[in-house]
Amino acid sequence: MNLILDGIASSVVETPRLKAHVVERGAEQAAPLATVVFIHGNVSSSLFWQPLMLALPPEVRAIAIDLRGFGGSEALPVDATRGVRDFSDDVASVLDTLDTGPVHLVGWSMGGGVVMQYLLDHPDMVASLTLQAPVSPYGFGSTAGIDGTLINGGAGTGGGGANPDFIARLQDEDDTAESPASPRSVYRSTYVAPGFKSELEDLWVASMLTTVTGDGNYPGNSVPADAWPGFGPGDTGVLNTMTPTHFNVSGIADLATKPPILWIRGDADAIVSDASLFDLNHLGALGAIPGWPGAEAAPAQPMLSQTRAVLERYAANGGSYREVVFTNCGHSPHLENQDKFLRELMTQLCG
């Protein structure tokens, strides 16, 4: 199967930090109207962005970068104690090497956290920020309230929360749908809304199967915890980068430089919501995980409410943002409703 679509160029960019795989759709003019940089989410790669890149107007340059341990980039270990900074620093090194200047960043899910971290570290290099179904600014799991108050030391978050069967099937490059834990089944049940179909599904599954597994990559390590469910954040690997003990990008609200932010999400998102099926506290409340200590001790994380609160502070402090909700749409608005996503993105690029 050809993973690179016609009209897309694939290359490896050597930077001082890593060898990064990049896919690009160049602009049909020497000085592009805009350069858009796409950052994928967890268990995916730059391949997911190709149709949207091809649909952009010819005067727009489009670049998508594989994060370390995904796609064709080097499988360097991830230091989760830095939050997602290993990823955002890698992105910065690629853009420095390509000499892009300020860019319009688009981040999906975990990639939304990466681009928010990039904005914190390089505000003058961001022309605009588009967040698609982003991780909460306070991380994934084990926080309460719209201010992201840490609960139970982050118990129930990080590498220990990954499904061992899913990890094994990634390692075995299982592209079947025979198990609910197979990558194809996970794509169908959580990446998109029920019933969504795509002729490019094989490409999306192939992208998922590029994920490098292990303690240094996906999902990362885990440590025992006294609080339910008995494990807490480790210090290496992908899932630990988004634990609330390591990750907090709410400081974007206090930046002096505030490019416009577009927040796009689906109303049927199973992964990022105020009732996420990947939040162990919410699963405990549903009875899916035994021993849940109750809502007072282990409440579900209000992910959307937290993101909205940070973006409202961003606007109150002189910035601007738009929240756009796609109906009957899951975790992947750019796949499920590409035309609408493209219109919103172009409005963002053109101001």
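1. Before anything else, a term: helices (H or I, at least four residues) and strands (E, at least two) are DSSP runs, numbered from the N terminus. With that in hand, helix 5 gives the largest share of the lining of the largest pocket, four residues.

2. Some ground rules. This is a predicted model, where local features need pLDDT of at least 70 and side-chain atom pairs count only at pLDDT 80 or more, while totals for chains, interfaces and linings use all residues. Residues are numbered from 1 along each chain as its sequence is written, and side-chain values use heavy atoms, with hydrogens and water left out.

3. Now have a look at helix 2, residues 85-98. Ten of its 14 residues are buried, so helix 2 is largely enclosed by the rest of the structure; buried means under 20% relative accessible area, with a 1.4 Å probe and protein chains only. Among the buried ones are Phe87, Val91, Val94 and Leu95, but also Asp86, Asp89 and Asp90.

4. What comes just after helix 2? Asp99, which takes a positive phi of about 55°.

5. You'll find Asn217 in the loop between strand 9 (213-214) and strand 10 (218-219). Asn217 counts as buried because its relative accessibility is 8%. Leaving aside residues up to four places away in sequence, Asn217 touches Gly69, Ala75, Leu76, Pro77, Val78, Val212, Gly237 and Val238, where contact means heavy atoms within 4.5 Å.

Methods:
Buried < 20%, exposed > 50% of the residue type's maximum accessible area, 1.4 Å probe, protein only.
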